[in-house]
Amino acid sequence: MADHISFYDTRTREVRAFEPRDGGRVAIYVCGPTVYSRIHIGNARPFVVFSLLKRFLAHAGFEVFLVINVTDVNDKIYAAAGERSSVELAAAMTEAYRSDTDRLALGRPDAEPLASEWIEAIVEEIEALLDAGCAYAAGGDVYFRVRRDSAYGALSRRDVDAMDQGEDNDGADLKEDPLDFALWKAHKAGEDSAWDAPWGRGRPGWHIECSAMAMEYLGESFDLHGGGEDLMFPHHENEIAQSESATHRTFARHWFHVRFLLVEGRKMSKSEGNFYTLRDLLLRGYKTSAIRMLLISVPYRRQLNFTFEGLAAETVAVEKLRTFRDRIANTKWAARPDSDGVASEVAEMAREARTNFRAALADDLNTADARAPIFELVRAVNARADSGKFFAEDVLPILEALREFDRVFAVLEDHDAEWTTFTLDWAEREGKLGQAAPELLATRGVTDEKIQALVEERDQAKRRRDFKRADAIRNELAGMGILLEDSKDGTRWKRK
RNA sequence: GCACCGGUGGCGAAGUGGCUAACGCGCUGGUCUGCAAAACCAGUAUUCGCGGGUUCAAUUCCCGCCCGGUGCUCCA
């Protein structure tokens, strides 16, 4: 099943066969968040994409090891902390990042190293670069000699001589060449995290931490390295320069960049007023299943327009799949009258859908295309079920197909109600309950027992043909976010 | 200015040198239902930003234009 998987490679600018060095094993490194604030929907896209990538590769039979680092020493963190401790801010925001991404229900990376915990490895790599003559210390800083690296600019297709010389940057007077970038920054007044190093007290530059941690976890050369498109230059270009100058080996064999998203058609920014954290969306009553579905609806290399209209549409789409799954699983289907040992047509449809699903993902992780066979299967099977052509022996192939889809997409498992409770409890602690959507607040304290009692009362009213009363109860439940479905097998309800 | 990406139905979006241009949402009509909901059926792009070219054939390749987006150094 693992054959013919290919991904676009930023370095070669083409869709290339993905061939891990070590047969069945895949090592992936992704540049994660800088923890100075809660993650927003733009940060969520790479997290979702790389989690899906891992899930797909694992599903395709590879043993995947995914590293997503956390940058917890950085200028932005110092700036955001102000008078407070940057260390405490970073720790709190790291926790928030883990909690928020847990709500995305895609699992955690296999390792989530913090830059601050790998200073020793970073210092060692800088020493190696100094020894090799690729770097130099100046005024307590250490810089990398960009012009010593003839391959510099290959990833982002930039001509070193055509680059802006950046004279107004920090440390310009210490650099031999304006193109050089910092591997180590000398301690400055007001910075509350610093480590001793042979060339002076300070902290790592931004790029070196990823080189060091990637090599610590995955070795000098590994399969795939990724991040947001913004990281291509200078971050990843600099990582390649440092790493390959130190090891003389290909650092990452495949480069994978996730496109930025737009929010309501515009670039997301605080000044535009379209800046949303994951928590904001949860408080507004949107479910992470819908967020995932929306992020899946556009392939990772395309710009995605994140809108509330889109979220609403995907909420419905997720519901359609769950309703279908429940229908198949919970109905007493008749045995097939003409079971003559031939595989049923439904089993054949499920097989074909699974094949198409895998093929779409194997083709540069085309998640948008991969959704089509799922919905096609749902419609075809619903149609058969409506016309009495779905039988007990068809249940298993269908549920297995759904399980396969969900091993990658994770939208069927319903944690939504749980996350809603979690979000509201958090909002209460933070005094933000007032920001919660009214529909969300209405669901608070609505227990299954309470719902069940009302549903039974309505059923009795229906039996008396007291439809006024029955409809009143249905409306009352709707106000609590409960939807009813009458069927021959009784009334089913679900939380919206 | 330099580099790059996109413009497909009401919205989102896949895709291909030539079968009826996927899929999701929406809308209209129908079946079912006490009414709904769910589900299904039918309809909803004579056409893929505009102009030109290549080709027997282009939405798909090439050129130009218009529109939108992104990057261009220490800062996800």
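# A walk through chain A

Let us start with one pair of residues: V263 has F306 in β13 as its bridge partner. This is a predicted model, in which local features need pLDDT of at least 70 and side-chain atom pairs count only at pLDDT 80 or more, while totals for chains, interfaces and linings use all residues. Residues are numbered from 1 along each chain as its sequence is written, chains are lettered from A and ligands numbered from 1 in the order in which they are written, and side-chain values use heavy atoms, with hydrogens and water left out.

Back to that pair. Strand β11 (residues 261–263) runs parallel to β13, and the two pair over 3 bridges; two strands pair if DSSP finds at least two bridges between them. They belong to an open sheet of 3 strands with mixed pairing, in the order β12-β11-β13. β12 (266–267) and β13 (304–306) stand at the edges with a single partner strand each, so one side of each has no neighbour in the sheet.

Now take in the whole chain. Chain A holds 16 helices and 15 strands, which are DSSP runs numbered from the N terminus (helices are H or I with at least four residues, strands are E with at least two). Its C-alpha atoms fill a box of roughly 90 × 55 × 35 Å along the principal axes. Of the 496 residues in chain A, 51% are buried. Buried means under 20% relative accessible area, exposed means over 50%, and partly exposed is in between, using a 1.4 Å probe and protein chains only. The domain assignment gives domain 1 (6–258), domain 2 (278–409) and domain 3 (445–495), with bounds that come from an automatic or database domain assignment.

What separates the centres of domain 2 and domain 3? The distance is 28 Å, taken over C-alpha atoms. The second largest pocket lies between these domains, because domain 2 and domain 3 both give residues to its lining. This pocket has about 1200 Å³ of space. To find such places, a 1 Å grid is laid over the protein atoms alone: a cavity is a set of points where a 1.4 Å probe fits but cannot get out, whereas a pocket is an open set with protein on both sides within 12 Å along at least five of seven lines, and lining residues have an atom within 4 Å of a point. Grid points are joined across faces, edges and corners, and the volume is the space filled by probe spheres set on the points.

Of the 43 residues that line the second largest pocket, K287, G481, K494, R495 and K496 are the closest to its centre. Elements that give two or more residues to the lining include α8 (288–296), α13 (416–429) and α16 (467–479). The largest share, 10 residues, comes from α9. By class, the lining has 16 nonpolar, 10 polar and 17 charged residues. Here Ala, Val, Leu, Ile, Met, Phe, Trp, Tyr, Cys and Pro count as nonpolar, Asp, Glu, Lys and Arg as charged, and the others, Gly among them, as polar.

Two strands that also give residues to this lining are β14 (482–487) and β15 (490–495). They form a hairpin with 2 residues between them, and they pair in the antiparallel sense over 6 bridges. Within that pairing, L484 has W493 in β15 as its bridge partner.

Next, the cysteines. How many disulfides does a search of the whole structure find? The search finds 0, where a disulfide is a pair of cysteine sulfur atoms within 2.5 Å. The sulfur of C31 has its closest cysteine sulfur in C210, 3.7 Å away, which is too far for a bond. C31 counts as buried because its relative accessibility is 11%, and C210 counts as buried because its value is 1%.

Finally, some backbone details. Most residues other than glycine have a negative phi, and most peptide bonds are trans. A105 is not a glycine, yet has a positive phi of about 60°. A105 is found in the loop between α3 (86–102) and α4 (119–131), and counts as buried because its relative accessibility is 19%. H248, also a residue other than glycine, has a positive phi near 60°. H248 is found in the loop between α6 and β10 (252–258), and is exposed because its relative accessible area is 70%. A cis peptide bond, with omega about 0°, joins F233 and P234, and P234 has its place in helix α6 (residues 232–247).
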